[in-house]
Amino acid sequence: MTNDRSTFAPPTAGWWPLFGWVSFLTFVFTQVYAVLTSPADRMMGHMQKMMYVHVPAAWVTFFAFGIVLLASVAFLWTEDERQDLLAASAAEIGAVFCALTLILGMFWGRPTWGVWWSWDARLTSTLVLFLIFVGYLALRSFVEDPQRRGQWSAAVGILGAINVPIVWMSVKWWRTLHQLQSDPRSLEPVYLRGLLLNFLAFTLLTVFFIRRRYEAARYERAAEHASQAAALGGYNG
Amino acid sequence: MASSTLSYVVASYVITWIVIFGLLVRVLGAVRQARREYESAVKGGFNS
């Protein structure tokens, strides 16, 4: 394991607080813009406006779990603990957005399908994805040894991220209740603009959340290391 | 009918904003707390 000084050096916030403000203000603007500029849909009426929260939440879930995949592979490859901490941070944020996607889907499904939940392929595969990452986070809290924790959670993280393309393709492979993904070419520009802007805002926020959570994880690890060093120093001295 | 579907839309936005604000508070709180713990651990190390 790469336990050099850089692993335990506390990170700096740098320009991330500014990035956070920009992300948050972008989010506020894009939400207001999308709601105010999109007319009621011919078929769905105002229900269409749910697209600006449900679809971007699903996208950032995939985005966060994509980071888990890359960081987990990088950790297994390099044994650099920072990659493990990055994967864990992305998994935590991704799990929250996955839960949000499921809840928003239920709020969309109730008036559209008449039920809060259906064991439809998309809903079920998303629930499985969510449960895998809840398991990932639970596993991390049970294993104390950092190296073993990193290896086991990297394996679960990779397994979970492999489920992402299954979730994506589920509406094509099993034609059940959930509609097919909207093709940007089939969306009216007035709806597409709001959707793309919200994709951007949710992505910026997710990058910010993952980076700050990673920063906290690095501080936690640095604090553990400093306490161990102090204990050893005290013992030796 | 229209007002009842609108309530689902409003609820979705309220939930989304609560989650975003919740994440913001949780993440920034975690950074602050972790930094404090690190600083006290380092201070403890110097004092020992």
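Guide: A helix here is a DSSP run of H or I with at least four residues, and helices are numbered from the N terminus. With that in hand, Leu196(A) sits in helix α7 of chain A. Keep in mind that this is a predicted model.

Visitor: Where in chain A is confidence lowest?

Guide: The general idea goes like this: where pLDDT is low, the predicted coordinates should not be read in detail. In chain A, helix α1 (residues 5–8) has the lowest confidence, at a mean of 59, and helix α3 (residues 51–78) the highest, at 96.

Visitor: Now the fold. What does the secondary structure of chain A come to?

Guide: Seven helices and zero strands, so from the N terminus on, chain A reads α-α-α-α-α-α-α under the DSSP rule. Its C-alpha trace spans about 75 × 40 × 25 Å along the principal axes. Take the contacts in chain A with a separation of 6 or more: residues 24 or more positions apart account for 81% of them. Chain B comes to one helix and zero strands.

Visitor: What share of each chain counts as buried?

Guide: For chain A, 42% of the 237 residues; for chain B, 21% of the 48 residues.

Visitor: How do I read the nonpolar core, and which residues touch the most other members?

Guide: In soluble globular proteins, nonpolar side chains tend to be buried together. In this model the largest nonpolar core has 67 residues, and Ala64(A), Val68(A), Ala87(A) and Ala90(A) touch the most other members. Two or more residues each come from α2 (16–37), α3, α4, α5 (121–142), α6 (146–173) and α7 of chain A, together with α1 (2–47) of chain B. The largest share, 18 residues, is from α7(A).

Visitor: How should I describe a helix pair?

Guide: Two packed helices are described by the angle between their axes and the distance between the axes. For α4(A) and α5(A), the axes come within 9 Å and cross at roughly 145°, and the crossing is left-handed. Among the residues that meet are Ala88(A), Cys98(A) and Leu102(A) from α4(A), and Leu123(A), Phe130(A) and Arg140(A) from α5(A). By class, that contact has 14 nonpolar, four polar and two charged residues.

Visitor: And between the chains: how many residues of chain A are in contact with chain B?

Guide: There are 31, and they meet 26 residues of chain B. On the chain A side, α4 (81–113) and α7 (189–236) each supply at least two residues. The biggest contribution is from α7(A), with 16 residues. That side of chain A has 20 nonpolar, five polar and six charged residues.

Visitor: Back to α7(A). Is Leu204(A) buried or exposed?

Guide: Leu204(A), also in helix α7 of chain A, is buried because it has 20 other C-beta atoms within 10 Å, and the cut-off is 20 or more. Beyond its neighbours within four places in sequence, it contacts Ser23(A) and Thr26(A). Leu204(A) and Ala226(A) are 22 residues apart along the chain, and their C-alpha atoms are separated by 33 Å.

Visitor: What about Leu196(A): why is it partly exposed?

Guide: Leu196(A) counts as partly exposed because 15 other C-beta atoms lie within 10 Å.

Visitor: Last one, backbone angles. What is phi of Glu79(A) near?

Guide: Most residues other than glycine have a negative phi, and most peptide bonds are trans. Glu79(A) has a phi near 60°, a positive value in a residue other than glycine. You'll find Glu79(A) in the loop between α3 and α4 of chain A. With 15 C-beta neighbours inside 10 Å, Glu79(A) is partly exposed.

Technical notes. Residues are numbered from 1 along each chain as its sequence is written. Chains are lettered from A and ligands numbered from 1 in the order in which they are written. This is a predicted model: local features need pLDDT of at least 70, side-chain atom pairs count only at pLDDT 80 or more; totals for chains, interfaces and linings use all residues. Two residues are in contact if their C-beta atoms, placed from the backbone, lie within 7 Å. Ala, Val, Leu, Ile, Met, Phe, Trp, Tyr, Cys and Pro count as nonpolar, Asp, Glu, Lys and Arg as charged, and the others, Gly among them, as polar. pLDDT is the predictor's confidence in each residue, from 0 to 100. A nonpolar core is a set of buried Ala, Val, Leu, Ile, Met, Phe, Trp, Tyr and Cys residues joined through C-beta atoms within 7 Å. A residue is buried if 20 or more other C-beta atoms lie within 10 Å of its own, exposed if 12 or fewer, and partly exposed in between; C-beta atoms are placed from the backbone. Axes are lines fitted to C-alpha atoms, for helices over the stretch in contact, and angles run from 0 to 180 degrees between N-to-C directions. A crossing is left-handed if the near helix is turned anticlockwise from the far one by less than a right angle, and right-handed if clockwise.
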